[in-house]
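User: I would like to go through the labels used for this model and see what stands behind each of them. Please set the values against the cut-offs.

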Amino acid sequence: MTRLLLLLTLTFTFFTAQADTEQMLKELDQTIASRGEFIKAKEDKIALLKQQAKAERDSNMLLRLYTDIYTEYHVFKFDSAMCYAEKGYQLALQQHNQNYINRFQLHRSELLSISGLYSEALDILNSIDSATVQKDAMFYYYFHYFTHYSYKTSFANDSTYAPRYRAIAKQYLEKAIANLSPDEPFYDYYMGEKFVYIDIDPVKAREHYERVLEKYKDNVREYAMACYALAGNHAVRGEYDKRMEYLIRASQCDLKCSNMENSALMSIAMTLFEQGDVERAEQYIKVSMEDAKFYNNRLRMIEVSRVLPQIVTSYQATIKGQNKNLTYALIFISLLVFGLLATAYFILRQNRKLTTRRQELADNNQQLNVLNQQLAESIHCQAELNDQLHGLNQKLINTNKRREGLASIYIDLCAKYIDKLGKYQTLVKRKIKANQAQDLLQTISSARISEEDAATFLTRFDKAFIELYPTFVEEFNALLTEEGRIQQKSPTTLTTEQRTFALIRLGVKNTADIAGLLFLSPQTIYNCRSVTKNKAINKDTFENDVLKLCTVIGLK
């Protein structure tokens, strides 16, 4: 009896945990759907700081504003963060403000570590004279060394260099903790790191991380960091439901903070993929890739790219399985229709025999003829429906072939980029081993690489979109005035205007998102949309009309 009660209790607990996790995932889906609002709020806050900096004349106050702007950009946009770190550094040099010189040097080093430029990052750290670092900044000085070697440990991920980097990181964390003041706002988070990496005490580490959650709201980056750390803490203890809970909380906080440099959502995607929830995993990994592109973190994009193909392939296999089931259902329906036709034919024959044998029953025979005529009309309608069903079957087959072709294009493009990334990694290793950092920098800075990638992407995009919506150009021009209609350069190539509205037709409405996908500036896309809209017959409903184009996919 006791065993039965225990089994029932465990079963109830399991299903309760599953229900709680599903509810949290639904809340995460809602947060993802609202992330555009969070990004807009972030951009508005940054715009206000920039206006203040533009009007500020006091150098010390301007240095503070540059620090605030850098903090906002730190995990939001890599290039902008680096820009303001450089601005602050140059202004600090002009003012001979050693405190801010050191601070912005630490910022520059941290960004270079995030982007994988470890040698350059370490050069900047080593250039800082520790004697010039103020006492209240010594913790951050050593902690930046710790994060630098932690990044190198994760990047190496081997049995030769990773242990060496991990040992160095631990030494610097010990130095940092020695300078940590209890008055530090995020004292408990750093103490949690101490008990993870130095004292190896998961229980005390968890206590400190949980204090961070008690002190701060779920829209602060350190809250997300503490949740992510707690997820790892519970994973070590084998508490995977709690791990998923804290990963979801970390992801929601990252989205609310517009933190584009994150790992929690990708970890959730991989966990869901392993559990068989391929559709949601595919959605989350795509959001992770979009965030990595937005932040412009090449290492994170490479990391997501390693995971993306297997999830997408599995998702496509699921769709293929569903299509296969649909085909079986259609075959079954066709057999039922055939059976109905055979039955109708049999009834018709019997009625004809009955009519011959009972000619004397004229009145009844006349009524029976009327019924036979109605039945014949019904059979004719069934035959027409069967023809229509056959046509729909053929269209479905053609549509599936087109989807397979588009999947082939997508997989081919992914394969080429994976191959290119592999060659690029080999080149980087060779240059680093040969101490050819300058050549490597020139190679990385080459615009030709990005232009070739952009051209390849746009060519494949044009081909895939025209294949999927062959009547798009014709229907799109029908929305424009006669003198404003746009002609293609070739049947397989779209113009910039056509690509812009092709993306809008696919549901990508944000100007910044369109600009990122077409490798253009947001201003160029904005101008393109405005100019094309002015050529529309109905300007007020133009973009809504574009969304309604090609509602039925044409077949060649």
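Predicted model: local features only at pLDDT ≥ 70, side-chain atom pairs only at ≥ 80, totals over all residues.

Analyst: Residues are numbered from 1 along each chain as its sequence is written, and side-chain values use heavy atoms, with hydrogens and water left out.

User: How many helices and strands does the protein have, and what makes a segment count as one?

Analyst: The protein has 23 helices and 0 strands. Both are DSSP runs numbered from the N terminus: a helix is H or I over at least four residues, a strand is E over at least two.

User: Why is D462 called buried?

Analyst: Buried means under 20% relative accessible area, exposed means over 50%, and partly exposed lies in between, with a 1.4 Å probe and protein chains only. D462 has a relative accessible area of 2%, so D462 is buried. D462 belongs to helix α18, residues 447-468. Across the protein, buried residues account for 39% of the 556 residues.

User: What does D462 contact, and what makes a pair a contact?

Analyst: Contact means heavy atoms within 4.5 Å. With neighbours within four places in sequence left aside, D462 is in contact with T492, T493, L494 and R499. The D462 side chain also reaches the backbone nitrogen of L494 at 3.2 Å. A polar contact is a pair of N or O atoms within 3.5 Å; within protein, one must be able to donate a hydrogen and the other to accept it, and residues adjacent in sequence count only if both atoms are side-chain atoms.

User: Which residues does H208 touch, and why is H208 called buried?

Analyst: H208 is in helix α10. Its relative accessible area is 10%, so H208 counts as buried. Not counting residues up to four places away in sequence, H208 touches D188, M191, G192 and F195.

User: Why is A281 called buried?

Analyst: A281 has 0% relative accessibility, and therefore counts as buried. A281 sits in helix α14, residues 278-295.

User: Why are H96 and I200 called exposed?

Analyst: H96 has a relative accessible area of 69%, so H96 is exposed. I200 is at 57% relative accessibility, so I200 is exposed too. H96 lies in the loop between α4 (78-95) and α5 (98-114), and I200 in the loop between α9 (187-197) and α10 (202-215). H96 has a positive phi near 55° and is a residue other than glycine. I200, not a glycine either, has a positive phi of about 50°.

User: How do you know that the buried residues of α21 line one face?

Analyst: In α21, residues 511-518, the buried residues are T511, I514, A515 and L518. Seen down the axis of α21, they fall within an arc of 100°, so they line one face of the helix. The arc is that of the directions from the helix axis to the C-beta atoms. At the N-terminal end, N510 caps α21, with a side-chain oxygen 2.8 Å from the backbone nitrogen of A512. Just after α21, F519 takes a positive phi of about 60°.

User: What makes a space a cavity rather than a pocket?

Analyst: On a 1 Å grid over the protein atoms alone, a cavity is a set of points where a 1.4 Å probe fits but cannot get out; a pocket is an open set with protein on both sides within 12 Å along at least five of seven lines; and lining residues have an atom within 4 Å of a point. Grid points are joined across faces, edges and corners, and a volume is the space filled by probe spheres set on the points. By this rule there are 3 cavities of 30 Å³ or more.

User: Which residues line the largest cavity, and which element gives the most?

Analyst: The largest cavity has a volume of about 50 Å³. Its lining consists of R35, F38, I39, D254, L255, S258, N259, M260 and D291. The elements giving two or more residues are α2 (35-55) and α12, and α2 gives the most, with 3 residues.

User: What is the volume of the second largest pocket, and which residues are closest to its centre?

Analyst: The second largest pocket holds about 340 Å³ of space. Of its 17 lining residues, T21, M244, T271, L272 and Q275 are the closest to the centre. α1 (2-33), α12 (240-257) and α13 (264-275) each supply at least two residues of the lining. The largest share, 7 residues, comes from α13.
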